[in-house]
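Have the model open beside you and let's take a walk through it.

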Amino acid sequence: MIRGAGDATAPEHKPYLAHEDAAYRRRPIPLDIVGEMQPVPADGDAESRLLEEIALADGRAALTEYKKRGIGGEVDARVGRWGRGDEIEALGVAAAHRAADGSVRWAAEAAVAVRARSDAVEREVIELTTGLAPVAETVTLWSHRESQRRVAEGIGYLTFRELLMMEVVLPAPPPEPRKDGALRPFIRDQDEALIAAINNDAFAGHRENDNMTVDTIVDLERQPWFDPAGLLIGEVRGAPVGFCWTKVLPDGSGEIYIIGVRTELHGTGIGRWLLLSGLENLATRHKLRTAFLWTEGDNRRAIRLYENVGFRVAGANWELSRLLGVAQPKG
Ligand SMILES: CC(C)(COP(=O)(O)OP(=O)(O)OC[C@H]1O[C@@H](n2cnc3c(N)ncnc32)[C@H](O)[C@@H]1OP(=O)(O)O)[C@@H](O)C(=O)NCCC(=O)NCCS
């Protein structure tokens with residue numbers, strides 16, 4: 001059983017505070033530690049600046065898009081801001097995901113300013129962030145950095161899931177035209193239910209992407225990056241069979257955001273056709289030289305497809321959980 005790190009009623013759990021840890025106190029105090037992190041008032045600009053600064057230094061986004069939308073109040077999320085004085089040095093988000101079976105899971109992510117990073121601060125921020133999830137809920141932790149993951153494992157978290165970031169140099173091989181098939185762009189106020197249906201069929205049982213609704217898609221249509229021409233719907237003999245949703249981010253990078261094929265047609269070449277069409281779209285319409293995507297580390301079919309068209313692993317994210325009773329930080 002996974003214990004919610006935010007379960008304030010669990011007697012064995014309390015937030016990890018560096019200054020109360022005897023093992024930590026025996027060590028030389030790192031220069032940047034002057035006390036535990038304190039809540040800092042909300043300020044959208046300061047949060048954006050912190051996230052941009054971290055993304056620049058780490059070469060990758062500090063929080064996933066869903067968690068960022070939690071900061072903006074668009075999705076069900078709780079946000080913590082901590083620092084010393086008035087300056088935000090760490091930002092934590094715990095967001096809820098409602099699965100197709102109605103169950104709700106919470107997942108947390110923590111972004112820490114490069115200047116504030118030390119094992120002690122990282123530990124404290126992990127505890128504070130997972131503590132944002134409601135009492136008695138299970139909460140998992142997503143980590144985008146190896147250094148943060150190592151700290152989390154040091155306080156009892158176990159990595160149980162890996163997402164791989166894969167990159168490809170464009171142009172990729174062109175898609176082979178299909179005599180029986182055609183691609184068309186997404187049509188607003190018409191295709192929302194279709195995309196949700198194909199998605200939920202293709203991703204049945206997936207931890208986050210198994211319960212797309214028309215509302216989810218309408219929300220995504222409001223995002224600044226949304227482009228109906230970047231959401232290609234594949235039709236074979238007139239019937240929709242899958243889609244490839246591409247995204248061009250504000251920094252100009254191109255992503256294969258979601259690709260899904262109706263389950264009964266898996267393994268029949270439609271995924272390859274859609275993927276190459278999406279990549280062609282990014283290379284020709286947007287003149288992009290590279291593209292990336294995220295995939296489950298154990299999605300062998302998808303990884304095989306991506307490798308076959310030239311994608312290579314360029315990074316990873318990890319999801320961790322902590323087992324009940326494993327709350328003691330290691331010295
Ligand atoms: C991943 C997905 C889009 C691939 O589409 P597809 O139509 O099933 O794949 P294709 O038939 O085009 O096959 C692509 C490659 O995978 C290989 N493949 C097919 N079935 C496979 C299997 N069971 N195991 C391993 N490889 C397999 C094929 O040999 C093919 O390789 P090739 O390019 O050398 O011919 C589709 O299976 C899907 O929607 N899956 C569920 C949702 C999902 O996982 N999306 C991706 C999230 S990152």
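Before going on, two notes on reading what follows. This is a predicted model, where local features need pLDDT of at least 70 and side-chain atom pairs count only at pLDDT 80 or more, while totals for chains, interfaces and linings use all residues. Residues are numbered from 1 along each chain as its sequence is written.

Now step back to the whole protein. It has nine helices and twelve strands. Of its 331 residues, 36% are buried. Burial is a matter of counting: with C-beta atoms placed from the backbone, a residue is buried if 20 or more other C-beta atoms lie within 10 Å of its own, exposed if 12 or fewer, and partly exposed in between. Contacts use those backbone-placed C-beta atoms too, and two residues are in contact if theirs lie within 7 Å. Among the contacts with a separation of 6 or more, 70% join residues 24 or more positions apart.

Next, the inside. A nonpolar core is a set of buried Ala, Val, Leu, Ile, Met, Phe, Trp, Tyr and Cys residues joined through C-beta atoms within 7 Å. The largest one here has 38 residues, and A90, A94, A108, A111, V112 and V125 have the most contacts inside it. Several elements give at least two residues each to this core, including α2 (44–58), β3 (87–98), β4 (104–112), α4 (119–130) and β12 (312–322). A second, separate core of 32 residues includes A202, I256, A283 and F311.

Let's pick out a few residues. V112, setting aside neighbours within four places in sequence, touches E89, A90, R117, V121, E122 and V125. L50 sits in helix α2, and L50 is buried because 23 other C-beta atoms lie within 10 Å. With neighbours within four places left out, the contacts of L50 are I88, L91, A111 and A113. L50 and L91 are 41 residues apart in sequence, yet their C-alpha atoms are 8.4 Å apart in space.

For a contrast, look at V169 in strand β6. With 12 other C-beta atoms within 10 Å, V169 is exposed.

How do α4 and α5 pack? Two packed helices are described by the angle between their axes and the distance between the axes. Axes are lines fitted to C-alpha atoms, for helices over the stretch in contact, and angles run from 0 to 180 degrees between N-to-C directions. For α4 and α5 the angle is about 70° and the axes are 9 Å apart. The two helices α4 and α5 are therefore roughly perpendicular, a label for angles of 65 to 115 degrees; under 35 is roughly parallel, over 145 roughly antiparallel, and the rest oblique. On the α4 side, D119, E122, R123 and I126 make the contact, and on the α5 side Q148, V151 and A152 do.

Most residues other than glycine have a negative phi, and most peptide bonds are trans. The bond from L170 to P171, however, is cis, with omega near 5°. P171 lies in the loop between β6 (157–169) and β7 (181–185). D189, not a glycine, has a positive phi of about 60°, and R237, also in a residue other than glycine, has phi near 45°. R237 is in the loop between β8 (231–236) and β9 (239–248).

Methods:
Helix = DSSP H or I, 4+ residues; strand = E, 2+ residues; numbered from the N terminus.
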